[in-house]
Amino acid sequence: MIKARPFDFPYDGRLVAENTALVVIDLQQDFLSTTGYFARQGYDPSPLRAILPTVSRLIAAARGAGLTIIHTRQGYRADMADMTPYERWRRKRAGLEGTEILLRSGPGFQIVPEIDVAPWDIIVDKTCNSAFTYTDLELVLRAQGITHLLFSGCTTDVCVHTTLREACDRNFQCLTISDACASGDRQAHEAALHMVTVEDGVFGALADSTAVIEALSRLSDATG
């Protein structure tokens, strides 16, 4: 089990590698670079970049234990045919008109090179905050027999939390890794983590990376 709060994860004590995935949300150039969307909105991307070593250690531990690794990327089609009038308005308001920022054709759509994406990892591309909206993520999880999700990435309060909430509603067992998530707004980050634990874990459990890596190491040893 993973030492967590308000309860250890999983609740039934059965952590099975084949049924568990590490979800790495939106660690893309557009969010982590000094010229991407996040920076253009006036946010400092350095808190997001600060989690990269932790996420890398988690990926290595998860791979060693036999977990599935799922990466998500957020961005629209190059022709913007999937963008609603409201989304076009927000794009213009954000000063992104005429740029390739948050478009799948742009270099910023790619995952940062510090994150190791293996050929067999699963990549889910999305347009919305939730990785479940208009994607095949749930189909992939059900097909692979995955029932337990470990969450990392950015931002804690938006894409991570929105995906987490939808996963809980779909009855996946969820753990958020506190120091493997980040936001440009410290208060929003802390509030999002706190919200996981309210009502005795209404959105699952919360643990730090040390506890997760220790548990994955034990799992790896046990499975040989």
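## Pockets and salt bridges

About 180 Å³ of space lies in the second largest pocket, while the largest has a volume of about 720 Å³. This is a predicted model, in which local features need pLDDT of at least 70, side-chain atom pairs count only at pLDDT 80 or more, and totals for chains, interfaces and linings use all residues. Residues are numbered from 1 along each chain as its sequence is written, and side-chain values use heavy atoms, with hydrogens and water left out.

**Pockets**

- A pocket here is an open set of points on a 1 Å grid over the protein atoms alone, where a 1.4 Å probe fits, with protein on both sides within 12 Å along at least five of seven lines; lining residues have an atom within 4 Å of a point.
- A volume is the space filled by probe spheres set on the points, which are joined across faces, edges and corners.
- The largest pocket is lined by 26 residues, and Tyr37, Gln74, Arg90, Leu102 and Asn129 lie nearest its centre.
- H5 gives the most to that lining, with 5 residues; helices are DSSP runs (H or I, at least four residues), strands are runs of E (at least two), and both are numbered from the N terminus.
- The lining of the largest pocket has 13 nonpolar, 7 polar and 6 charged residues, where Ala, Val, Leu, Ile, Met, Phe, Trp, Tyr, Cys and Pro count as nonpolar, Asp, Glu, Lys and Arg as charged, and the others, Gly among them, as polar.
- For the second largest pocket, the lining includes Phe7, Tyr11, Cys168 and Phe203, and H7 and strand E5 (173-182) each supply at least two residues.

**Salt bridges**

- The structure holds 12 salt bridges, each a side-chain nitrogen of Lys or Arg within 4 Å of a carboxyl oxygen of Asp or Glu.
- Lys126 pairs with Asp26, their closest N and O atoms being 2.8 Å apart.
- Lys126 lies in strand E3 (residues 122-126) and Asp26 in the loop between strand E1 (20-25) and helix H1 (29-32), so this pair ties together parts that are 100 residues apart in sequence.
- Both Lys126 and Asp26 are buried (under 20% relative accessible area, with exposed over 50% and partly exposed in between, using a 1.4 Å probe and protein chains only).
- Arg186 and Glu190 meet in a salt bridge (2.9 Å, N to O), and both lie in helix H8 (residues 186-201), 4 residues apart.
- Arg186 is exposed at 56% relative accessible area, whereas Glu190 counts as partly exposed at 44%.
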